[in-house]
Each structure stands twice: as structure tokens, then as C-alpha cells.
Amino acid sequence: MANTSVAVDSSGVDWKKLGFLFLGLFLFAVVYWSPGWPDAVDPMGKHFVLTREAKAALAVFLLAGTWWVFEVVPIGVTSLAIGVLQALFLIRPAKIAFTDFTVPSVFFIFASLMIGLVFTKTGLTKRLAYKMLMIVGERTSMIMLGCFVVTAALTHIMAHTAVAATIYPLLVSIYAMYGEGDARTKFGKALFMGMAYVAGAGSIITLLGAARGAVALGFFKEIMNQDISFFQLTYYMFPIGWLMTFALWGFFMIFMKPEKDRIPGLRDRARRLNDELGGLTSKEILAAVIVGGCILVMCLQNFLPALQAINKTGIILISTILFFVTGLLSVEDLEDVPWNIILLFGGAMSIGNCLWETGAANWLAVNWLLMFQKANWFIFVMSITFFVMVMTNFIMNVAAIAISLPVALVIAPYLGVAGEVILFASLVAAGMPFLLLVGAAPNAIAYDSKQFTPGEFFLYGIPASILLMIVTGFAVFILWPLMGMPVTLN
């Protein structure tokens with residue numbers, strides 16, 4: 001893969017970075033000041049007008065995407081630019097644009113990062129890392145596979161954001177034993193990027209892995225008047241989630257094969273360091289009880305109606321409060337919070353809501369899907385999958401599902417396509433945004449390792465996304481029909 005680092009000349013000017021900065025501004029200007037664009041018209045004859053605000057939202061969308069990929073300024077600063085542009089160009093009121101930076105989802109990410117921080121400070125992370133290395137041994141390929149399997153498995157019972165925040169410090173401890181210090185290596189790239197990718201793959205398997213599943217099933221129930229159960233979702237998603245987990249391991253072993261085949265003496269070293277830690281300390285036990293309690297309540301929400309009205313963010317933030325109440329964390333620890341990542345997701349929420357509320361997202365979805373309204377059923381399903389995959393890299397996966405699923409389910413009967421296959425294919429794609437850091441919280445958490453640039457993440461994400469489309473195509477055409485899923489209408 002090409003290196004996206006920029007060259008600095010003798011005058012100290014980063015010409016590539018400057019070029020991409022102006023490219024983003026140029027794209028914004030061209031779209032914003034261009035003449036009005038035609039309406040999108042769905043199969044029912046409904047018109048979707050691209051208003052001035054909606055076209056401006058697309059302009060901000062292009063600028064932010066360019067700046068994020070090439071990191072012309074810190075990714076958190078690009079997020080601030082999203083809010084500023086909405087306010088200056090009267091796209092949305094400033095109060096609304098900047099309020100998106102403090103929505104519950106952003107605080108959920110903050111709380112998840114605090115869990116990772118307390119696990120590191122108490123020593124739980126090192127203990128877990130040493131235990132894992134004692135099991136998987138010295139081969140770097142097996143270390144990577146072990147990390148991927150643990151990550152995917154945890155997403156079956158807890159949100160993938162919380163899993164990424166919990167696993168991240170463990171990976172930091174494991175990478176420290178690789179012996180290359182803070183230097184960027186292929187092993188480091190594969191370990192951290194792979195964690196982000198696999199967290200997405202595992203999260204599609206149950207409703208506990210992410211909110212997108214419950215939202216999609218709600219849309220499906222409303223439009224198709226048909227229920228999809230918790231276990232029915234898991235039945236169809238389990239083979240795909242784990243197939244992607246192992247396929248991604250193979251992908252990273254090909255594209256980012258570790259420089260070292262093994263780390264000699266690692267198992268003995270891990271065993272010795274684990275023995276030096278001694279028994280569990282009171283702080284480790286307290287941290288585990290607090291986090292475990294919050295995770296248990298969030299899991300029970302899916303089964304106990306009395307808990308369903310409580311927002312997950314409120315539950316997970318209880319852990320943050322208790323960390324400070326019990327003295328596990330102090331005010332000085334707030335200086336270690338990666339605020340750049342928090343701002344990144346604030347900006348992602350802001351641009352996602354901007355595209356949604358101005359109608360730009362609906363306009364894009366209708367125009368895209370109408371190009372395939374007379375296509376072969378398989379091409380139509382894959383076109384929906386591709387659209388969701390691309391959009392979920394820029395806006396919330398929940399929003400990507402919300403704008404594409406209703407239109408797709410209206411067109412589907414005309415092509416003899418069953419609604420179930422559209423639902424599940426969309427959920428697979430929505431769970432694995434491999435191109436941009438803003439696509440999912442695990443992507444941004446992995447970026448905090450400084451093992452890769454946003455540009456590298458994008459470039460490696462292209463073949464990974466192609467792999468995702470191939471696996472989804474296999475599921476749609478072969479696997480799911482064999483498992484009994486209705487794919488075409490009689």
C-alpha cells in the first residue's frame with residue numbers, strides 16, 4: 001500500500017497537505033455554489049427535493065471526507081469545521097449543529113474510553129494480556145488471531161465500542177512486548193486496525209453488539225409487518241460474522257504480515273510477568289465489578305422490559321462516576337483522555353444528522369437505488385449493500401440503515417426480492433465500515449495507537465471492503481438460501 005505521509009520542502013511547507021486542504025475547500029465551493037440539482041423521485045412518485053441546505057450539507061460532507069482521509073488538520077479539528085460551516089453558511093442553526101457534539105452516543109464513547117483507562121491504571125489490562133500470551137504462545141500470527149477471536153467473542157455480549165475500549169489497552173501491552181517501542185510496524189498496524197475491523201464483524205451477530213440491529217428490525221417490522229427474533233438474527237449472522245473474522249485475519253496476514261514470525265521466549269516472559277503481578281488487587285476487583293455490573297445491566301435491557309426505557313449511555317456513565325467516587329481515577333487522569341477522538345465522533349454525529357435532517361441523505365439513497373430498480377435481483381441486493389457500506393463510513397450506521405432500508409423494501413417486491421435478504425445484507429454492511437475513522441468508534445479508538453494514518457486506514461480499507469462485498473455476495477446467493485432464508489418471492 002502507498003504511504004500517505006506528506007513531504008516537507010526546505011521552506012517547511014507541507015505542499016501535499018496544503019494541496020488536500022484546498023481540494024476540500026474547492027469541492028465545498030463547487031457543490032455549494034453550483035446551480036440547483038434535479039429532484040429524486042421514488043417508485044411511488046414521491047419527490048425528494050435537494051434544497052439549498054441539503055446541497056450545502058453535501059458540500060460539507062465532501063470537505064470533511066477529504067480532510068479526514070488526508071488529515072490536513074487534526075481529525076478533531078476537522079470535526080469542529082463541520083459545526084462551524086453549518087453555522088456560517090446557515091445550513092442548520094448553530095445550537096443544533098454544535099449540540100450534536102454532546103449527544104448520548106458521544107458520551108457513550110467517552111465512558112468506554114474511561115473504562116479502558118481504568119483497566120490500564122489498575123493493571124487488569126496487563127494481567128489479561130499476559131494470560132492471553134501464555135495461551136497463544138510466541139507465533140505472531142497466533143497472537144493476532146487470539147486477539148481477533150477474543151474481540152469478536154466479546155461483541156456478542158457487549159457493545160462493540162465498549163469492547164474496543166476494553167481490548168485496546170490490552171493490545172498496547174501486547175505490542176510493547178513485540179520489542180519495537182513506539183515505532184510503526186506491520187504487526188502494529190494489523191493488530192490495531194484488525195481489532196477495529198473484527199469488532200465490527202463480531203457486532204453483527206447479536207443485538208447486543210450495536211444499536212443498529214434493533215433499529216433495523218424496528219423498520220422491518222413497521223414496513224413489512226413481520227418480526228425477526230433475537231435468535232433468528234443470530235442464526236443468520238453467526239456464520240457471516242465469524243467467516244469475516246477469520247477472513248480478516250487472513251487479509252492482514254497477507255497485506256500486513258508481521259516482520260517477526262515469532263517472539264522467542266514470549267510465553268515464558270509472559271508467565272514470569274504474570275507471576276510478578278501476584279493475586280488480584282482490591283482495585284482490580286473493584287474495577288471489574290463496576291464494569292461488569294454496567295455491562296450486565298445493558299445486556300439485561302434486551303430481555304427485561306422495565307430496563308428498556310433507560311438509555312445505555314446513562315448506564316455506562318455510572319461506571320465513570322464510580323471510578324472517581326472510589327478513587328480508581330483522579331482529576332489528573334482526565335488529561336489522558338484522547339479528546340481528539342471524542343471531537344472526531346462529535347463531528348461525525350453532526351454531519352450525519354445534517355445529511356439526514358436536510359434531506360440530503362434521502363436524496364442520495366433514492367437516486368442510487370433507482371439506478372438498479374430494473375436490475376437482476378442479486379445485483380439489486382448487492383447495490384443496496386454497497387450503498388449502506390459506503391454511507392456507514394460517513395454517517396451513523398443507524399442512519400445509513402434508516403435512509404436505505406425503507407426505499408429498498410418498497411422497490412424489492414417489483415423485482416421479486418424478499419425483504420429478509422435486504423435486511424440482513426444491509427446489517428452486514430452497516431457493521432463493517434473499513435474506510436474512514438468516523439465510520440465506527442472502534443476505528444477511532446484503534447487510531448489512538450498512532451500505528452497508522454487516516455490515509456493508510458482508507459487505503460487498506462478498500463480491499464477489505466471488497467472482501468466484505470464478496471462474503472456478503474456468497475451469503476446472499478448461496479449460504480442464506482441453504483439456511484432457509486427467503487431470498488426471492490414465489
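The following questions and answers concern a predicted model of one protein chain.

In this predicted model, local features need pLDDT of at least 70 and side-chain atom pairs count only at pLDDT 80 or more, while totals for chains, interfaces and linings use all residues. Residues are numbered from 1 along each chain as its sequence is written, and side-chain values use heavy atoms, with hydrogens and water left out.

Colleague: How many helices and strands are in the protein chain?
Modeller: Helices (H or I, at least four residues) and strands (E, at least two) are DSSP runs, numbered from the N terminus. The protein chain has 21 helices and 2 strands.

Colleague: Is Thr151 buried or exposed?
Modeller: Thr151 lies in helix α7, residues 140-154. Buried means under 20% relative accessible area, exposed over 50%, and partly exposed in between (1.4 Å probe, protein chains only). Thr151 has 1% relative accessibility, so it counts as buried.

Colleague: Which residues is Thr151 in contact with, leaving aside its neighbours within four places in sequence?
Modeller: Contact means heavy atoms within 4.5 Å. By that rule, the partners of Thr151 are Val163, Ile167, Met195, Val198 and Ala199.

Colleague: Which residues touch the most other members of the largest nonpolar core?
Modeller: A nonpolar core is a set of buried Ala, Val, Leu, Ile, Met, Phe, Trp, Tyr and Cys residues joined through side-chain atoms within 4.5 Å. The largest one has 171 residues. Those that touch the most other members are Tyr197, Phe380, Ile422 and Trp480.

Colleague: What percentage of the 490 residues in the protein chain is buried?
Modeller: The under 20% cut-off applies here too. Buried residues make up 56%.
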